[in-house]
Each structure stands twice: as C-alpha cells, then as structure tokens.
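Subject: The structure we talked about

Hi,

Here is the structure I promised to pass on to you.

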Amino acid sequence: MKYTISDLLDLYEENDVNIKDKNIASSKKIKELTMEKIESRKKKARPITRILIIAAIVAAISGAALANSLGAGSYFRNIFYNELTEEQVQVLDEVGTTSMESVTDHGTTITPVAALADENLCYIVLEIEGPEGTQFRKLTENEGYYQLGLDFESLEALGGFSMGTYWYPDENQVSNRITAVITIEGTTEKLNDGGEKWIRFDNIYIQSPEKEYTLFLEGTWAFEYGRNLTSQSVEVPVDGMIVSRVNEDFDDAWQLTLTDMKISSLGIRVCYSYSANTKMVTPVPGPIKVVMKDGSEIGVTISTQVLFEEPFDEEFLAQAEEAYARSIEEQRAAYESSKTAEYSTYYEEWSLYFISPVNLDEVAYIQLGHDELQIPLNNN
Amino acid sequence: MNEKSVIKALQRGDVQALEVVIDLYASYVSTVIHNIIGTHMTKEDVEETASDVFYTLWNNSGNLIPGKLKPYLGSIARSKAKNKLRELDKTVTLEEDWIITSDRTPDAIIEAKEQTHAIRSTLEALTPADKEIFIRHYYYYQTVAEIEAETGIKASTVKSKLKRGREKLKYILYERGVFL
C-alpha cells in the first residue's frame, strides 16, 4: 500500500483552520448547477443506478453467477497477518459470503469471490481476468502498482469511508489473471446490516509512484456485496466502567468512562468519554488484547518484532529519538498553554482490528489495561 | 438557522436549507477544489465540481452530524478534486509529500488504521502553530507562498515547520512499525 502525506489526511476531520476564500467561483452558478442535478434526479433514475442495473443485466446474461464450493474463509487464508488455522477459516466461512456475481465489461471479468465484514470493516476478494493477451505481473517499485478506479459515489452512502487495495499477482508467471483484496471502512452505516450495498469501479490503472495514472484495462464493474453478510458480534457490558490512563510524555492522567464496547470476529470498537481542559492529546482506553480459552492471545496491533526484520537503522533511530525528545519538550509547553480554565466532556470512538479473525465462542476474556472483561454468552 | 436545524431541514428534503449551505460554504468548497486542481481547470470546471460536492451532500444528508458539516464538505471537496486530478492525469506538487510503502504488511486494515491514527497523533502532538501550517499545506494544498501571504509567517519558517511535522509523522509511523 502506498500513501502520500496528503492521502493520509483523507480521513481527517478538519474543522480548525480558516483559509482565506479565493472567491474564484460563483455561488449562484454552483447553486443553479446543484439544483439542476437534483431536478434531473427527480426526472430519471440516478445515472449510477442505471449503470448498476446494466451491470446486473450483463452478469445475468453471461450466466456468471458464482457456483462456489469453497467457503469464504478459504479465500482469506493468506491475507491476515498470520496464516489462518482451520478453526479460523471455519469462523470466516460462517460470517462471510461467496454469493456474489461476476461482471464482464470490455472483455474483463471481475468476480467478487468472497467477502466478510463487521460493522465498520469489509474485506472483498476480487478475482480479475483480463482479455486474452493481458499481462498482469508483479510490478516493480518504480513502476508502481495496479489501481482500481473507484467510483466514490458508490461508497459515499457509507458516510465517511476509506478503501485500500492489495494486489496478489502470481509470483511465478505473467498471466491475464490477478487477485485483489479490497478493504472498505465505513464510518456511519453498518456494513454488516444485511442491506444492499454497491461498489463500482471504472477502469483499472497502473499508478506510478508519482501518482501518474496509465489506463491498463477499460471497463465498468459494479457489485452488490452487502446482502449476504452477517457477523458474529457481541456487546460487552462496560457501560459506566471507569479506567485510568496516564501519558508520561505530557505528565497527565485521565479517567475514561466507557459507554459501549462491541467485539466481532474482526475487531473491537470502544466508545468512551472523558473530561479534560485541552483537546491536544486524546487518551485511549488501551492497551487491549483478546485472551482465548486455550491461553493464546490475539493482538490488535502489528508486532514490532516482526516488522523490524530488516537491518536496523541505528542512525535513523538515534536521529528520530533526538528529534522526538526535542519535539516533546516544545509540545509539553504547548500542551500546558493549551489548557483552559474550564473542563469539557469529550466523546470518542476507538476501533481496532485483530491480526487474525477470532472465534468469539473461544474467547476467555478481553484484557483492557489491567481489567479483564468477560464476554456474555449467547449474545450474537 | 443554526447547523443542527439546517441538517434537520436537509434530512427532511428542504431545498432551501441546501441553498443556505451553498451560500455559506460555496467559497470554502471552491477554494479547496481550486487549491488542488485550479491550475488545470477553468472557473466553470471548479463550479461544476463544487456542485457535485453539494449534490453529494444532498444525497447523503441522512449521515450528517451537527458540528461536522465543514469537515464533511472539506473531505468530499478534496475527494472530488483529487478524482478530477486523476482523470486529467495530473499531479500537484507538495513539499516532500513522500510516499509510504509498506508492502510487507499484508493485514491491510491494520495498516490503514495505524496510519490514520498516526496522522491524528502527529497533528495532536504538533504545536497549534505547526499544526495549522501542516494542515494548510497537506490538507488544503496551499503553497508555501500562499501560507506566507495568509499568515505572515516567513516562507523559510513555514518550510521548517513543515519539516518538523514530517519528522514527527515519520517518527510516529516508525514507532507504529510503518517503514518509509
């Protein structure tokens, strides 16, 4: 996955900086154009709806409904940080779906072979088969990577969202087939509510490191992925529970009141509130991990010891630590000066995802800091 | 009409409420779009893209949260403008807007979550003045010269503040196991 700093800010909720308006456009004209679009929508079906219907018809004509003997779990064996155990595959078989239809356009067929989701996160495995002669291969760092042209409107119903794509070309040969796994994160609509949800892609590109896009395959492919998704999820009774958290960098501490916690096969979401006289630092109720009945533990972050497998750059680390120490000194002063006389109550939501899927029936407890939280039985 | 009542009216399908929102935010949305793609687009194109933003707002009014109208519009404006930029096969050059690559982390969403948290932690850890400069440049795509003109902070200082933000982000990403 590749990001620029500006890409990382795509999900940032900016509400603090007042930029000077350039007054380069007419609000009257914008209003007219917007109203025309609304009127046009009233008169005819939305263009995207029409395209989706066409896509569905194409799929039906091609008889491409997927006859799939494998469960969803089998398709996700290799995408999690650890290779899945048979038990974990079975969990995903239960919560995922393979009942989706392929779409062919301009000779390229995209088949969503499996999907799974919890409330906030959805994984979809796509098998892409280009026309004969297409050569998918592992691209070099300088060439960039393949990129699906996402139609943003098809995901905007989710409120805020983010999408990542991970390509799995055949390492050993060039062919016209490739597997991609997309992840969709919604922020307001529950992804696993069983309602109809569409995603649409226009064209497949090669995106260079300089973010130049070269058309690789032309086409429009739209998929319904939400109807058959379910999820094993459990409400953890935490309402009113108070946890203390300390930040040593800023020499400060908070009392966090947990209001809601939900655990699914894929992750944990915690809602909480706290009182503070500055918003400069947001405390989180972690660290958090899931302890299974057999004593094994499922983490929620990537293990640093695995990620540091490349030669360790001592010089960079020293420079980074020095810069961080300098920065902390400055920030402490800023932190103190940002405090106001009055305290406000802040409400936060913290979502974390497991490094591999969890069978909730086998969870002994959730370790939240020093607290052990029990999961209620029969509460799916 | 406060934001809460505007959103309620939008959710009821009140077109006048949308006109109020356009009056309030047309300049803001157009400026965000223009900063990203203005050199490649005409005024008419900016207006067309801005109307797409408000049309999206209208279609998604059910998801709006009071107090978050401006962030929502800013986010959609950036998204639409970046999409246009991609369609036109153009790029915008920002100060060392480096690319993070971490193909060795197959668990996609952890990576995305980590990086989203990292940018948030970075911004929270910057001084208010440094944070503002960082946001102006990397969120609003203002040039160093534009930031200097609007804030009165010298270009060289703007650059050093951006550098400090990048260093902080680099360190936080490093701490979270993301290699650059």
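Read from one end of the sequence to the other, chain B runs α-α-α-α-β-α-α-α-α. In other words, its secondary structure amounts to eight helices and one strand. Please keep in mind that this is a predicted model.

Chain B has 180 residues, and 51% of them count as buried. If you take the contacts in chain B with a separation of 6 or more, 69% of them are between residues 24 or more positions apart.

Now for the helices of chain B. Two packed helices are described by the angle between their axes and the distance between the axes. Keep those two values in mind for the next pairs.

What is the angle between H2(B) and H3(B)? Helix H2 of chain B covers residues 15–37 and helix H3 of chain B covers residues 43–59; they pack at an angle of about 130°, and their axes are 9 Å apart. That angle is why H2(B) is described as oblique to H3(B). The crossing of the two, H2(B) and H3(B), is right-handed. On the H2(B) side, the contact is made by Leu18(B), Val21(B), Ile22(B), Ala26(B), Val29(B), Ser30(B), Ile33(B) and His34(B). On the H3(B) side you will find Val46(B), Thr49(B), Ala50(B), Val53(B), Phe54(B), Leu57(B) and Trp58(B). Sorted by class, this contact of H2(B) with H3(B) has 12 nonpolar residues, three polar ones and no charged ones.

An α-helix has 3.6 residues a turn, so residues three or four places apart point the same way.

H2(B) also packs against helix H4 of chain B, which spans residues 69–87. The axes of H2(B) and H4(B) come within 9 Å and cross at roughly 35°, and this crossing is right-handed. H2(B) brings Tyr25(B), Tyr28(B), Val29(B), Val32(B), Ile33(B), Ile36(B) and Ile37(B) to the contact. H4(B) brings Leu73(B), Gly74(B), Ala77(B), Arg78(B), Lys80(B), Ala81(B), Lys82(B), Lys84(B) and Leu85(B). By class, the contact of H2(B) with H4(B) has 11 nonpolar, one polar and four charged residues.

Is Gly67(B) buried or exposed? Gly67(B) counts as exposed, because it has 12 C-beta neighbours inside 10 Å.

H6(B) is mostly covered, with 10 of its 12 residues buried. Those buried residues are Asp130(B), Lys131(B), Glu132(B), Ile133(B), Phe134(B), Ile135(B), Arg136(B), His137(B), Tyr138(B) and Tyr139(B). Just after H6(B) comes Tyr141(B), which takes a positive phi of about 60°.

Now on to chain A. This chain has eight helices and 18 strands. Of its 380 residues, 33% count as buried. Among contacts in chain A between residues at least 6 apart in sequence, 70% join residues at least 24 apart.

- His106(A) sits in the loop between strand E2 (103–105) and strand E3 (108–117). Its phi is near 50°, a positive value in a residue other than glycine. His106(A) has 12 other C-beta atoms within 10 Å, so it is exposed.
- Gln135(A) is in the loop between strand E4 (121–129) and strand E5 (145–150). With 10 other C-beta atoms within 10 Å, Gln135(A) is exposed. Gln135(A) and Gln173(A) are 38 residues apart in sequence, and 9.4 Å apart in space from C-alpha to C-alpha.
- Asn203(A) belongs to strand E8, residues 198–207. Its phi is near 75°, again positive in a residue other than glycine. Asn203(A) is partly exposed, because 19 other C-beta atoms lie within 10 Å.

Enjoy exploring, and write back with any questions!

Best wishes

Methods:
Residues are numbered from 1 along each chain as its sequence is written. Chains are lettered from A and ligands numbered from 1 in the order in which they are written. This is a predicted model: local features need pLDDT of at least 70, side-chain atom pairs count only at pLDDT 80 or more; totals for chains, interfaces and linings use all residues. Axes are lines fitted to C-alpha atoms, for helices over the stretch in contact, and angles run from 0 to 180 degrees between N-to-C directions. Helices (H or I, at least four residues) and strands (E, at least two) are DSSP runs, numbered from the N terminus. Angles under 35 degrees count as roughly parallel, over 145 as roughly antiparallel, 65 to 115 as roughly perpendicular and the rest as oblique. A crossing is left-handed if the near helix is turned anticlockwise from the far one by less than a right angle, and right-handed if clockwise. Two residues are in contact if their C-beta atoms, placed from the backbone, lie within 7 Å. Ala, Val, Leu, Ile, Met, Phe, Trp, Tyr, Cys and Pro count as nonpolar, Asp, Glu, Lys and Arg as charged, and the others, Gly among them, as polar. A residue is buried if 20 or more other C-beta atoms lie within 10 Å of its own, exposed if 12 or fewer, and partly exposed in between; C-beta atoms are placed from the backbone.
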